[in-house]
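Please work through each task before reading its solution.

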Amino acid sequence: MGHNNKTLSFSESVNFMVDRALSVLDIDQGIAAAIKTCNSTIKVSFPVEINGKIEVFTGWRSVHSDHRLPSKGGIRFASIVDEDEVEALASLMTYKCAIVDVPFGGSKGGLLIEPSKYTRDDMQRITRRFARELIRKGFLSPATNVPAPDMGTGEREMAWITDTYRHLHPEDINYLGCVTGKPVAHGGIRGRTEATGRGVVYAIREFFRHADDVEAAGLKPGLGGKRIVVQGLGNVGYYAAALLDEEDDCKVIAIIERDGVLINDDGICVEDVRQHINEHGTIKGFPDAKFSEDGASGLEIECDILIPAAMEAQITKKNAENIKAKVIFEAANGPVTFEADDILRHRGVTIIPDAYVNAGGVTVSYFEWVRNLAHIRFGRMERRHDEMRGAKMVQALESLTGKQSEEWMQKELIYGADELDLVRSGLDDTMRNSYQQLKEAYHSSDKITDFRTASYVVAIKKIVRSYIDIGVY
Ligand code: NAD
């Protein structure tokens, strides 16, 4: 292929991966082109007064597909972001939603800004202004285009965006559905903040339920005791690593952050590192691990599972030969470039792709949007009813057996699920089902030799199906 001598852009990298999947499918060239093409991208520049001076900010919102509405995808605030990146991320959203059966199109947004340079008040004015531009130009509404948090944005920004929309559209009864990832007190859903990281863990647990896949990756059975390296201890990386550390008995042997890497072969307490970052703003000085400023070298540490959870293009043709992990779970979007993917595949490293692994965020965003349109918290109607039925089951069991049930049985049987339980259950179910679909596709053809191609095959088939159903061609 002619792309060998230059570095591919993010969207070229994604499109080459999609092409690999298209080459094993018998799909009309025109339809293939329609699926790959980004529908529309808007660029906005707007002035905001900061400390008495006018500054001009630039942002983008891209809609890759609208075969399902609304189109969905995060907004990132970062000092490096451009049209190509936003379009690549929007296309990933299309495939991601299809893989996990979330009935949305794909979108993404970005604002060129270094958030740490601005006060909270500045950020509020900038975010509200950006939101206003997107709303007025038809790129943000509960029916057509629904953002969510991404790098550099969180609940706070989502609350400001919702409020801006509400002021511009006071008649829209569904205004809360204009954005997801909101604070729970402002229409958010319990479990959204942790959803992407938790989804990564559900994906890893499902992988370990498939003995043949675990063996093919060169790993011994069982997740307990596995040696983990994680890059990026932000929203996604923190929840994923903390859960693996605390609930799955894994050993997190290295944590890579912006300013370097912490290494301890006996395992690092993720929660302690997070506390240290909160207090000192850096991983430097953390007492229970060795520190090195060469963060990127951490990716090359020998381990069972590598979780890149920081940003795109971290594993490239420059370091792919040196990666010693047995399996990579792509928690970030696009952390492995197309060229690196090629190298790793030939070296037999298993990669479980981003479009599946980090889909927990959009899955729970979907639950949040449904909750907003329903105007009621999940579990509110049935929880007490379920508890009463559970209590009656306990009574029936006791009268049939003539024995008193044990306390733990009573607790389990009587318990009625609350919103968080239901969200986690829906997320777990989604991650398990989707993995099984990927695996089925993987084994459906000799031409498919990796999970990434399998994931795009699954996604493309569903998107083509929806085009056929609505009669677009
Ligand atoms: P975040 O800003 O909360 O965290 C990113 C972390 O990575 C930060 O701690 C940052 O210091 C660190 N980091 C940045 N550059 C680094 C580098 N070169 N080396 C090591 N660490 C570095 O962002 P996030 O929301 O956790 O997103 C991380 C990735 O996951 C992105 O690719 C994002 O697109 C993807 N993602 C996020 C969500 C979500 O719900 N937040 C959903 C799907 C995908």
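The exercises below treat a predicted model, and each task is followed by a stepwise solution.

**Exercise 1. The shell around the ligand**

Determine how many residues surround the ligand, how the shell divides by class, and which domains and elements supply it.

Solution. 
1. The ligand is surrounded by 23 residues, and the closest are Asp150, Thr196, Val236, Glu257 and Asn333.
2. Sorted by class, the shell comprises 9 nonpolar, 9 polar and 5 charged residues.
3. Both domain 1 (38-186) and domain 2 (195-357) contribute at least three residues each to the shell.
4. Among secondary-structure elements, α8 (235-246) and β8 (251-257) each provide at least two shell residues.

**Exercise 2. Polar contacts and cover of the ligand**

Identify the protein partners of ligand oxygen atoms, given that a polar contact requires N or O atoms within 3.5 Å, and state what share of the ligand's accessible area the protein covers.

Solution. 
1. The side chain of Arg76 places a polar atom 3.0 Å from an oxygen atom of the ligand.
2. For Arg258, an N or O atom of the side chain is 3.0 Å from a ligand oxygen atom.
3. Val236 takes part through its backbone: a polar backbone atom lies 2.9 Å from an oxygen atom of the ligand.
4. On its own, the ligand has 830 Å² of accessible area, of which the protein covers 85%.

**Exercise 3. The setting of Arg76**

Is Arg76 buried or exposed, and which residues does Arg76 touch?

Solution. 
1. Arg76 belongs to strand β4 (residues 75-78).
2. Its relative accessibility is 3%; Arg76 is therefore classed as buried, the cut-off being under 20%.
3. The side chains of Arg76 and Glu85 are joined by a polar contact of 2.7 Å.
4. Beyond residues up to four places away in sequence, Arg76 touches several residues, including Glu85, Leu89, Asp150, Met151 and Glu312.
5. Of these partners, Asp150 is also listed with the closest residues to the ligand, and Arg76 itself has a polar side-chain atom 3.0 Å from a ligand oxygen atom.

**Exercise 4. The setting of Ala195**

Locate Ala195 in its helix, classify Ala195 as buried or exposed, and give its distance from Gly285.

Solution. 
1. Helix α6 (residues 195-208) contains Ala195.
2. Ala195 is classed as buried because its relative accessible area is 0%.
3. Leaving aside residues up to four places away in sequence, Ala195 touches Gly360, Gly361, Val364 and Leu427.
4. Gly285 is 90 residues from Ala195 in sequence, and the two C-alpha atoms are 30 Å apart in space.

Definitions and conventions: Residues are numbered from 1 along each chain as its sequence is written. This is a predicted model: local features need pLDDT of at least 70, side-chain atom pairs count only at pLDDT 80 or more; totals for chains, interfaces and linings use all residues. Side-chain values use heavy atoms; hydrogens and water are left out. A residue is near a molecule or strand if one of its heavy atoms lies within 4 Å of it. A polar contact is a pair of N or O atoms within 3.5 Å; within protein, one must be able to donate a hydrogen and the other to accept it, and residues adjacent in sequence count only if both atoms are side-chain atoms. Accessible areas come from the Shrake-Rupley method with a 1.4 Å probe; for residues, only the protein chains shown count as cover. Helices (H or I, at least four residues) and strands (E, at least two) are DSSP runs, numbered from the N terminus. Ala, Val, Leu, Ile, Met, Phe, Trp, Tyr, Cys and Pro count as nonpolar, Asp, Glu, Lys and Arg as charged, and the others, Gly among them, as polar. Domain bounds come from an automatic or database domain assignment. Buried means under 20% relative accessible area, exposed over 50%, partly exposed in between (1.4 Å probe, protein chains only). Contact means heavy atoms within 4.5 Å.
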